[in-house]
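Please find below a short note on the model under review.

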Amino acid sequence: MSNKREVVQSIIRGIRQDIEGYKQLKSMLKRQRDLMQRRDNHGLKYHNGHQTTLCEHLQQRAKLRSEGLISLGVAGDANGMEQLIAKLPAHASTQVKLLWENLLLLVKESQRVNEANGKLLVGQQDVITNLLNRDATQNIDYGAPQHTR
């Protein structure tokens with residue numbers, strides 16, 4: 001991008017797109033949890049492909065935002081974003097600060113939902129492992145006829 005104004009506009013546009021993207025991700029993470037609870041492996045496989053694609057788009061926009069910030073002479077991270085916001089005219093600064101804070105909140109909420117999904121998955125794996133280990137220690141063979149006394 002040729003001038004700083006275009007870079008700033010691109011960064012702001014990217015933040016708006018990311019806000020929508022993270023709203024979608026949060027919804028997808030809740031759907032993923034539902035699929036996990038129902039043990040819908042086919043649905044999960046389909047769903048996870050779409051969720052991965054969305055995450056890749058979010059990562060790409062974050063990378064572009066970082067590169068834009070660096071091209072403006074600030075750090076390519078949250079500190080750089082704060083520096084940029086501080087340099088904007090007052091009316092623009094207020095609007096961009098609200099957008100940025102909204103994005104950060106959505107990222108944290110998505111991380112929380114994702115962590116809960118991870119705990120659910122670990123819990124499901126623990127149950128399966130415990131069942132399999134219990135059956136192995138009791139020498140249960142589900143294919144062999146059981147003798148009753």
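1. A nonpolar core is a set of buried Ala, Val, Leu, Ile, Met, Phe, Trp, Tyr and Cys residues joined through side-chain atoms within 4.5 Å. Buried means under 20% relative accessible area, exposed over 50%, and partly exposed in between (1.4 Å probe, protein chains only).

2. The model is predicted: local features need pLDDT of at least 70, side-chain atom pairs count only at pLDDT 80 or more, and totals for chains, interfaces and linings use all residues. Residues are numbered from 1 along each chain as its sequence is written, and side-chain values use heavy atoms, with hydrogens and water left out.

3. The largest nonpolar core has 26 residues, of which Ile11, Ile15, Met81 and Leu84 touch the most other members. At least two residues of this core come from each of helices H1 (4–37), H2, H3 (78–87) and H4 (90–137). With 10 residues, H1 gives the most to this core. Helices here are DSSP runs (H or I, at least four residues), numbered from the N terminus.

4. Met81 is in contact (heavy atoms within 4.5 Å) with Ile11, Ile15, Arg65, Leu69, Val96 and Trp100, leaving aside neighbours within four places in sequence.

5. Arg65 lies in helix H2 (residues 41–71) and is buried, with a relative accessible area of 11%. Not counting residues up to four places away in sequence, Arg65 touches Ile11, Gly14, Ile15, Asp18, Met81, Trp100 and Leu103.

6. Arg39 is placed in the loop between H1 and H2. Although not a glycine, Arg39 has a positive phi of about 55°. Arg39 is exposed, with a relative accessible area of 60%.
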